[in-house]
Amino acid sequence: MAVHAAHRCMYLHRLVTACKSIQTHSRNRDVFEKLVIPCNRTFLTASVRSNENDGQSKDSLKLTPKQTQKQDLLLRRKRPLSPLERISSLLPQDVLSPEVMHLREQEQHEEDPQRCDPETVTDEGNLETHSGPELGEEPKAAAFHHAEGHVYPSLLGESLLTFGELLIAEHRKKRQVEFRKMFQLQKGAILQSNWGTIKHDDLVGQQAGKFLKTGRGAPIFFRRASLEDYVLYMKRGPAIAYPKDAANMLMMMDVTEGDCVLESGSGSGAMSLFLSRAVGSRGSVLSIEVRKDHHRRSVKNYERWRTSWALRRGQEWPNNVEFLNADLSTASSLLAGRGFHSVALDLIDPHLVLPTLLPHLHPGAVCAIYLANITQVIDLLEGLRCSALPVLCERIIEVPVRQWLVAPALQKDGQYCTRKAPNLCEDTSSEEESSADGEAPFEPGFGNVPYIARPHPEQMSHTAFLVKLRKFVR
């Protein structure tokens with residue numbers, strides 16, 4: 001009994017000592033939180049980099065509301081303690097073993113409040129600043145663009161807009177394009193529109209594919225001009241070969257990289273650009289135009305596109321097109337000693353030049369002809385019949401393109417229409433209560449909005465007939 005009484009007294013003594021240590025620990029924790037909370041630091045993966053190394057002061061470090069909320073969550077978040085740690089924290093230090101005392105001293109050293117002071121943290125190898133990644137630490141496969149306080153990641157090979165590039169400006173209203181214009185970035189110039197103006201200088205240094213607001217608050221979408229855009233909006237003399245027709249002609253001719261192609265009828269240079277891209281740097285295109293004004297226009301359009309491409313990609317567009325001002329029907333000396341994998345003709349009377357160019361066309365190769373009306377097609381077939389040329393007419397086609405408008409159905413108030421299910425006498429009291437509570441409306445789920453599809457009111461009319469001729473050997 002005396003032994004049990006002695007143990008009971010020792011237990012009570014330890015319990016009183018533990019209660020005192022808990023009160024002391026609570027007071028120390030309050031002091032610790034007062035020291036930690038004013039520290040404007042957000043601990044990331046491992047540690048923090050000092051602002052002293054970056055030449056910044058403590059006041060220059062500003063956190064966004066989202067980062068401040070994240071910091072508060074991190075301060076309130078604590079690691080759950082194991083049962084052994086909870087028991088050891090209640091015991092006084094005089095009853096702890098040397099191993100536990102050593103571990104407790106390590107934890108106190110790691111939780112020293114002085115480490116939160118930005119002026120005492122100087123280890124650059126293990127610390128990380130909150131002001132954004134440095135250039136030397138960026139990965140090689142990606143970079144970061146800094147604009148207006150935001151960080152935009154960019155892909156390898158992507159570049160910012162610069163003077164001399166060709167851009168497309170678009171303004172959409174109710175999912176329809178009401179304004180579209182191709183222009184070249186020039187220093188000091190201003191883009192004019194009915195929805196306001198934007199200075200070209202404000203576009204330089206921005207990323208492509210971005211919305212900018214005019215002085216009147218209208219959003220304008222800016223992107224780089226593709227080859228299709230350039231062909232449709234470039235300055236032209238005669239009618240161009242539209243991209244839909246040019247694509248089918250390239251498939252007819254089976255143009256691949258490294259081919260040598262002949263073109264007659266340069267026009268405004270549209271087909272020359274498509275052929276130039278198809279044959280690549282290892283191929284060549286010979287473009288012949290009989291009219292001097294058309295010849296000059298095609299050369300200017302070609303060089304303008306090459307200049308814009310070099311600024312955009314940092315490398316030159318292949319200089320693989322040779323423009324000549326001559327009449328193909330009487331200039332057989334220009335083709336002497338040359339052979340062509342395919343031929344593209346855009347002439348009024350193509351049957352007049354076929355006798356001159358067919359000897360220079362490879363056997364089995366294709367001659368694709370672009371004709372504006374069916375009367376020219378009849379004249380071509382009649383000329384082939386009378387001259388008995390070694391060619392087969394394989395195909396005569398027209399390429400229609402029909403645009404469609406597909407958009408979700410909207411009510412007059414701008415809200416989405418919803419499909420109404422049949423009334424199954426279900427209890428809707430819960431839905432009425434939720435609507436009465438003033439909860440914010442939510443968008444209908446997937447498959448609940450009907451769509452309206454109809455042909456676009458502005459359709460492209462007839463452009464040309466495409467005739468595919470193939471050379472054969474007798």
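The second largest pocket lies between domain 1 (165–225) and domain 2 (230–400 + 465–471), because both give residues to its lining; the domain bounds come from an automatic or database domain assignment. The structure is a predicted model, in which local features need pLDDT of at least 70, side-chain atom pairs count only at pLDDT 80 or more, and totals for chains, interfaces and linings use all residues. Residues are numbered from 1 along each chain as its sequence is written, and side-chain values use heavy atoms, with hydrogens and water left out.

This pocket has a volume of about 750 Å³. Of its 23 lining residues, R180, L232, Y233, Q403 and E458 are the closest to the centre. Two or more lining residues come from each of strand 4 (176–184), helix 6 (227–233) and helix 7 (243–253), and helix 6 gives the most, with four. By type, the lining divides into nine nonpolar, six polar and eight charged residues. A pocket here is an open set of points on a 1 Å grid over the protein atoms alone, with protein on both sides within 12 Å along at least five of seven lines, whereas a cavity is a set where a 1.4 Å probe fits but cannot get out; lining residues have an atom within 4 Å of a point. Points are joined across faces, edges and corners, and a volume is the space filled by probe spheres set on them.

As for cavities, the whole structure holds four of 30 Å³ or more. The largest cavity has about 60 Å³ of space, and its lining includes A239, E263, A270, M271 and D346. Five nonpolar, five polar and two charged residues make up that lining (Ala, Val, Leu, Ile, Met, Phe, Trp, Tyr, Cys and Pro count as nonpolar, Asp, Glu, Lys and Arg as charged, and the others, Gly among them, as polar).

A270 and M271 are also among the buried residues of helix 8. In this helix (residues 270–279), eight of ten residues are buried, that is, under 20% relative accessible area, with exposed meaning over 50% and partly exposed in between (1.4 Å probe, protein chains only). Just after helix 8, G280 takes a positive phi of about 75°. Helices (H or I, at least four residues) and strands (E, at least two) are DSSP runs, numbered from the N terminus.
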